[in-house]
Amino acid sequence: MPKAKVTFQDIGVSVTVPAGTRLIEVSEKVGAGITYGCREGECCTCLTKIISGGENLASPSVLEDQVLKDNMAPRGHRLACQAQIIGGEIVVKPA
Amino acid sequence: MPAAGLTDGAVEIAPGVHWVGALDPHLRSFDIILKTANGTSYNSYVVRGENGVAIIDTVKENFADDFFRRLESVAGYDEITTIVLNHLEPDHSGALPELLKRAPQARVYLSSRAQMMLKALLKPTGGKPPEYIPVTTDDQVDLGGRTLRFLHTPYLHWPDTQCTYLVEDGLLFTGDIFGCHFCDARLFNDTVGDFRFSFEYYYAHIMRPFREYVLDAVALIEPLELNLIAPAHGPILRHQPRDYVHRYRELATPRLFNEARSEKTLVVFYISAYGNTRRMAEALAAGAESIGGVRVSLYDLEGGESGIFTDLIEEADGLAFGSPTINADAVKPIWDVLSSLTTVNVKGKLGAAFGSYGWSGEAVRLIEDRLRGLKLRVPVEGLRIKLVPDANELEQCRQLGELLARHLTGRLEHREVDLAALA
């Protein structure tokens, strides 16, 4: 299975993960500071700043796009509960 | 005087503004977590302008008949141009599907986060969704000579909540904010008797976990001219309404200055049957102290009750829990603390677990699961030590404390792990 590497800048940990994993699954296991609420892409609690490697995440769904827009999320931000890792290297931190 | 004495009609609360809510004097608990000794009320309001009528919130579904009867006494359904939803919890939106059937021409105004809830709420009706407009602070609706202005006040106590200000009259419709579960047909704060206990109880259980949002909302509300506050539960606040805003500010602000605020704080709770988990706690605390920049406090749960630790936990940056394992579980005083934290916000705090065990040692993992469930971050694997910790094992406890302190102060060395190793 293809692998990817996600670095959580706030806790200084890089995690090797299988492609297809969602950011929140990794964040929760490693204990990074990304908090979450509904885990269904509605509440925007898990808003995450993508420092680099945003192209290595699957494009946001219509739902995620709408929630990001509704909450006036700056560019380069994603919902950790929705953002799926597809490969390469990604660096993130809590928004 | 619970429900008796109230007419079947609407009650005028200001010229052209009526209460059309319902009283529920027999309710004895609300949302399971709140006791309601004299019931509650579901407050809904009608505002008449020159060009149309606005309805602010509705009532719980099984009180819809009261709501519609009162509404019909002051407005026709064809006059309703505007429905404002300050909060979509079912006790305020229960009569909405029927209201939309009776006034299909009405436009619905709600916060952006309420849109998903509205769709979910109307799902069973299967009909065409109403025209709805998401609004935020300073958006306005002109009713003709009267203006409704919205205030974005989320998380009080759901993500969708907002307030609506009737500009020309200085009336603020606040949803659950400044509300309480108190049922009295006299309706107004200067006529119902002493309801302060209920106001404070409601804040403590409903609003306290969201105190940062309370302060944001209060900052939006304080500059307004306020002649009356119309909450969605409990007495309508027409006498000295600003006092209730001040009280919210007080309640959301720690009363005494926190002397430890300049440093990160780590609170270590433990309970110990033979002193082994206590020795682990002391070593962990010493390790954390040695890093500097972290103020560590140690508490034996055997010497306290879970309720008194809530204030401490609310203010702490990090929490570590130590428990022996008895019959494959952490012990009850630990669970008492960990099951009494719904009234404070612990999301994002640092959490950790440790404990000595004799045979199976499940307590540490169970505590970690609970901490994650409470949305604390648990970046360091907890420490389980079989029976009596020796010098090397006490050193491991010290190192755990050091690592927790480094997490709290952001002084960590970079490390690489595989997700599979964390599972």
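Good morning. The C-alpha centres of domain 1 of chain B and domain 2 of chain B lie 42 Å apart. Domain 1 covers 11–252 and domain 2 covers 264–408 in the assignment for chain B; such bounds come from an automatic or database domain assignment.

A word on conventions. This is a predicted model, in which local features need pLDDT of at least 70 and side-chain atom pairs count only at pLDDT 80 or more, while totals for chains, interfaces and linings use all residues. Residues are numbered from 1 along each chain as its sequence is written, with chains lettered from A and ligands numbered from 1 in the order in which they are written.

I turn to the nonpolar cores. A nonpolar core here is a set of buried Ala, Val, Leu, Ile, Met, Phe, Trp, Tyr and Cys residues joined through C-beta atoms within 7 Å; buried means that 20 or more other C-beta atoms, placed from the backbone, lie within 10 Å of the residue's own. The largest core has 75 residues, and B:Tyr45, B:Val46, B:Val47, B:Ala54, B:Ile83, B:Leu172 and B:Ala230 have the most contacts inside it. Apart from this core lies another, of 45 residues, including B:Tyr270 and B:Phe321.

Which residues does B:Leu172 contact, leaving aside its neighbours within four places in sequence? They are B:Cys163, B:Tyr165, B:Ile221, B:Leu224, B:Leu226, B:Ile229 and B:Ala230, where contact means C-beta atoms, placed from the backbone, within 7 Å.

Next, the sheet. Six strands form an open sheet with mixed pairing, in the order S4(A)-S3(A)-S5(A)-S1(A)-S2(A)-S22(B). Strands are DSSP runs (E, at least two residues) and helices likewise (H or I, at least four), numbered from the N terminus; two strands pair if DSSP finds at least two bridges between them. The edges are S4 (77–79) of chain A and S22 (415–418) of chain B, each pairing on one side only.

Within chain A, S1 (residues 3–8) and S2 (residues 13–18) run antiparallel and are joined by six bridges; A:Thr7 stands opposite A:Ser14 there.

Finally, the contact between the chains takes 22 residues from chain B and 20 residues from chain A. On the side of chain B, S22 and helix H13 (419–422) each give two or more residues, and S22(B) provides the largest share, four residues.

Thank you.

Technical notes. Contact = placed C-beta atoms within 7 Å. Buried ≥ 20, exposed ≤ 12 C-beta atoms within 10 Å, placed from the backbone.
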